[in-house]
Amino acid sequence: MSGLKLFHTANSGVTEVMPRLADVEADVQGFVEAHMETMLGVTFLASEYGIDCVDGGRIDSLGIDENGAPVIVEYKRGTDAGVIDQGLYYMA
């Protein structure tokens, strides 16, 4: 994997954090939902929120920002650029 480097800082110095894929999306989802306010400045509202659409879709995590606008967070384990289509579908 390449891309953005992550680091852990402490009184003893700086160490690079080695990136890895989560075993399952749910691991990341649970962590983000538990810390959504701190990480994103978004108030968490619901997990696996069902939406009224033809294929009965669901939003992985739903939140609301400081302006009262809905925030949709989708988790993808892979790195395929085509996954953005799901977000665009929800916008429509």
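**Salt bridges and strand pairing in the predicted model**

The side chains of Arg58 and Asp60 meet in a salt bridge, with an N to O distance of 2.5 Å. The structure is a predicted model, and two salt bridges are counted in it. In the other pair, Glu48 forms a salt bridge with Arg58, where the closest N and O atoms are 2.6 Å apart. This pair links distant parts of the chain, since Glu48 belongs to strand β3 and Arg58 to strand β4, ten residues apart.

Arg58 has a relative accessible area of 41% and is partly exposed. Glu48 is likewise partly exposed, with a relative accessible area of 36%. The contact between the side chains of Asp60 and Arg58 (2.5 Å) also qualifies as a polar contact.

The chain as a whole contains three helices and five strands. Along the sequence, these elements follow the pattern β-β-α-α-β-β-β-α. The chain has 92 residues, of which 17% count as buried.

Strands β3, β4 and β5 form an open sheet of three strands in the order β3-β4-β5, with antiparallel pairing. The edges of this sheet are taken by β3 (43–50) and β5 (70–73); each has a single partner strand, so one side of each is left without a neighbour in the sheet. On average, neighbouring strands of the sheet are turned by 30° against each other, direction ignored. Strands of a sheet pair through backbone hydrogen bonds, in either a parallel or an antiparallel manner. Strand β4 (residues 58–64) and strand β5 run antiparallel and are joined by four bridges. Across this pairing, Leu62 stands opposite Ile72 in β5.

Ile64 is also part of strand β4. Its relative accessible area is 29%, so Ile64 is partly exposed. Ile64 and Leu45 are 19 residues apart in sequence, and their C-alpha atoms are 7.1 Å apart in space. A further separation was computed between Glu33 and Gly63: these residues are 30 apart along the chain, with 9.0 Å between their C-alpha atoms. Glu33 is placed in helix α1 (residues 25–34). With a relative accessibility of 15%, Glu33 counts as buried, because this value falls under 20%.

Strand β1 (residues 6–10) and strand β2 also run antiparallel, and five bridges join them. A hairpin connects β1 to β2 through two residues. Within this pair of strands, His8 stands opposite Thr15 in β2.

Val17 lies in strand β2, which covers residues 13–17. At 35% relative accessibility, Val17 counts as partly exposed. Together with Leu4 and Leu6, Val17 makes a nonpolar surface patch of about 290 Å².

How values were computed. Residues numbered from 1 in each chain as written. Predicted model: local features only at pLDDT ≥ 70, side-chain atom pairs only at ≥ 80, totals over all residues. Heavy atoms only, no water. Patch = residues over 30% accessible without salt bridge, like charges linked within 9 Å, V, L, I, M, F, W, Y side chains within 5 Å. Areas by Shrake-Rupley, 256 points an atom, 1.4 Å probe, with all protein chains shown as cover. Salt bridge = Lys/Arg side-chain N within 4 Å of Asp/Glu carboxyl O. Buried < 20%, exposed > 50% of the residue type's maximum accessible area, 1.4 Å probe, protein only. Pairing = 2+ DSSP bridges. Axes fitted to C-alpha atoms, helices over the stretch in contact; angles between N-to-C directions. Polar contact = N/O pair within 3.5 Å; in protein donor to acceptor, adjacent residues only side chain to side chain.
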